Amino acid sequence: KQVLDDYGLDGVDIDWEYPCSGEAGIDFDPSDRENFTYLMREMRKAAGENRIVSIAAGGGDYFVRDTEMDKVAAICNYVQIMTYDLNCFTHTTRHHTSLYALAGSYPQGNADYCTRIFHQAGVPMEKIVLGAAFYSRKWTGVKNEKNGLLQDAESIGGYGPGYGELMEQYIGKNGFVRYWDDTAKAPYLFDGSTFITYEDAQSIAEKCAYIKEKGLLGLMYWEHSCDPSGELLKAIADGLA
């Protein structure tokens, strides 16, 4: 509260990665499920009713399982679901921030699935904010079949270039061809051995249309410096206008 007062801030967003999990190298305990709710209650008391209190939530069943989302959502102004990095830690090339699942791919790793499970866990649709990725994920040593999608790779999906760098050096350049997956509503790049999954203005437009159709609150993104031209930010503004 002191920081909010000192700097005249609108509120606070809590990004706990992740309750009941040591995946990020933090201490954890099964009681984190209830402790997360206690933390948000105390945060609301400190911030007051006139300030924003929100969370950044992991995009998957694990986050719903390990939290009391109905109670947390009642405390928060909104819940921002990090619908990116959804299909990275595998040796099979996939979309990391798609709107829908691709046939034959991991059915849970997409924004539509995340929306449904958070709503079923008690988060009102009008409090859900989806996430857009201004950066990419990249696989190397990819089998050169079917334009590289759903193919075995030597690497897992590590961090790839930001959108600005993709525009300058990758999209339609240096052997990389841009493909559009109309089932998943997601673009990707392939040069015969390197596969890159990313977000562009077309996929953002699809997410914005989905947000309007489902009555969700909005779209957030990670992160600002990856879009130096403002092209993706403009796509969000236009899509939600």
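Q: Which loop holds Asn174?
A: In this predicted model, local features need pLDDT of at least 70 and side-chain atom pairs count only at pLDDT 80 or more, whereas totals for chains, interfaces and linings use all residues. Residues are numbered from 1 along each chain as its sequence is written, and side-chain values use heavy atoms, with hydrogens and water left out. Helices (H or I, at least four residues) and strands (E, at least two) are DSSP runs numbered from the N terminus. In these terms, Asn174 belongs to the loop between helix H6 (163-169) and strand S7 (177-181).

Q: Is Asn174 buried or exposed?
A: Buried means under 20% relative accessible area, exposed over 50%, and partly exposed in between (1.4 Å probe, protein chains only). Asn174 has a relative accessible area of 62%. Asn174 therefore counts as exposed.

Q: What is the phi of Asn147, in the loop between S5 and strand S6 (158-162)?
A: Most residues other than glycine have a negative phi. Asn147 is partly exposed, with a relative accessible area of 35%. Although Asn147 is not a glycine, its phi is positive, at about 60°.

Q: Which residue does a cis peptide bond join to Glu17?
A: Most peptide bonds are trans. The bond here is cis, with omega of about 0°.

Q: What is omega for the cis peptide bond that joins Trp222 and Glu223?
A: Glu223 is found in the loop between S10 and helix H8 (231-239). A cis peptide bond joins Glu223 to Trp222. The omega of this bond is about -10°.

Q: What is the volume of the largest pocket?
A: On a 1 Å grid over the protein atoms alone, a pocket is an open set of points with protein on both sides within 12 Å along at least five of seven lines, while a cavity is a set where a 1.4 Å probe fits but cannot get out; lining residues have an atom within 4 Å of a point. Grid points are joined across faces, edges and corners, and a volume is the space filled by probe spheres set on the points. For the largest pocket, this volume is about 850 Å³.

Q: Which residues that line the largest pocket are the closest to its centre?
A: The lining comprises 34 residues. The closest to the centre are Glu17, Tyr18, Tyr62, Tyr84 and Asp85.

Q: How many charged residues does the lining of the largest pocket have?
A: Ala, Val, Leu, Ile, Met, Phe, Trp, Tyr, Cys and Pro count as nonpolar, Asp, Glu, Lys and Arg as charged, and the others, Gly among them, as polar. The lining has 15 nonpolar and 9 polar residues. Its number of charged residues is 10.

Q: Which residues of the largest nonpolar core touch the most other members?
A: A nonpolar core is a set of buried Ala, Val, Leu, Ile, Met, Phe, Trp, Tyr and Cys residues joined through side-chain atoms within 4.5 Å. The largest has 56 residues. Apart from it lies another core, of 10 residues, among them Val142, Leu149, Ala184 and Tyr188. In the largest core, the residues that touch the most other members are Met40, Ile55, Phe118 and Ile204.

Q: Which residues does Val53 touch, not counting residues up to four places away in sequence?
A: Val53 is in strand S2, and at 0% relative accessibility it counts as buried. Contact means heavy atoms within 4.5 Å. By that criterion, Val53 touches Val12, Met40, Met43, Arg44, Ala47, Cys76, Asn77 and Tyr78.

Q: How many disulfides does a search of the whole structure find?
A: A disulfide is a pair of cysteine sulfur atoms within 2.5 Å. The sulfur of Cys76 is 17 Å from the closest cysteine sulfur, in Cys20, and is therefore too far for a bond. Cys76 is also buried, with a relative accessible area of 2%. The number of disulfides found is 0.

Q: What distance separates the C-alpha atoms of Phe195 and Trp180?
A: Phe195 is in strand S9 and is buried, with a relative accessible area of 0%. Beyond four places in sequence, its contacts include Arg137, Trp139, Val142 and Asn147. Phe195 and Trp180 are 15 residues apart in sequence, and their C-alpha separation is 13 Å.
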